[in-house]
Amino acid sequence: MSDTSLRLKIAIRVMSGDEIAMGPGKADLLEAIDATGSISAAGRAMDMSYRRAWLLVDAMNRCWASPLVETMPNGAARSGARLSVAGRKVLDAYRALQSGAAMVENGAEWQSLKAQLLPIPREHQ
């Protein structure tokens, strides 16, 4: 049994009611918006339609006390989108939470689970 085939994958999702307020994909989208200054360009960079990217941004903006993404309409001095101050804080806190969760892989609990885990599931009987 190869030790490299056993890995821990922790996906952190922050919920607001039944809505995912923040998760790995939404954090990636925020980073892409920050890098490109545009929801549509961020979506393209992630192989995502503009509609899907916009729906994710809308969900995030509805889940937090302050919007995470600010948009500037076409024709404004600077059109596009950017992270708000709240967006930067939420993204930074989420990434820190992910980093902390990644350290679990070195912990006794994961080592205990790993000792009992099969590298692939058994076939149905």
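A: Let's start with a definition: helices here are DSSP runs of H or I with at least four residues, numbered from the N terminus. In this predicted model, Ala-115 sits in helix α5, which covers residues 108-116.

Q: How many helices and strands does the chain have, and in what pattern do they follow along the sequence?
A: The chain holds five helices and four strands. Their pattern along the sequence is β-β-α-α-α-β-β-α-α.

Q: Is the chain spread out or compact, and how do I judge that?
A: Compare the radius of gyration with the globule rule. The chain has a radius of gyration of 19 Å, well over the 14 Å that the rule gives for 125 residues, so the chain is more spread out than a compact globule. Along its principal axes, the C-alpha trace spans about 60 × 30 × 25 Å.

Q: Back to Ala-115: is it buried or exposed?
A: A residue counts as exposed when its relative accessible area is over 50%, and as buried when it is under 20%. Ala-115 has 64% relative accessibility, so Ala-115 counts as exposed. Across the chain, buried residues make up 31% of the 125 residues.

Q: How far apart are Ala-115 and Met-46, in sequence and in space?
A: They are separated by 69 residues in sequence and by 36 Å in space, C-alpha to C-alpha.

Conventions. Residues are numbered from 1 along each chain as its sequence is written. This is a predicted model: local features need pLDDT of at least 70, side-chain atom pairs count only at pLDDT 80 or more; totals for chains, interfaces and linings use all residues. Side-chain values use heavy atoms; hydrogens and water are left out. Helices (H or I, at least four residues) and strands (E, at least two) are DSSP runs, numbered from the N terminus. The radius of gyration is taken over C-alpha atoms; the globule rule is 2.2 Å times the number of residues to the power 0.38. Buried means under 20% relative accessible area, exposed over 50%, partly exposed in between (1.4 Å probe, protein chains only).
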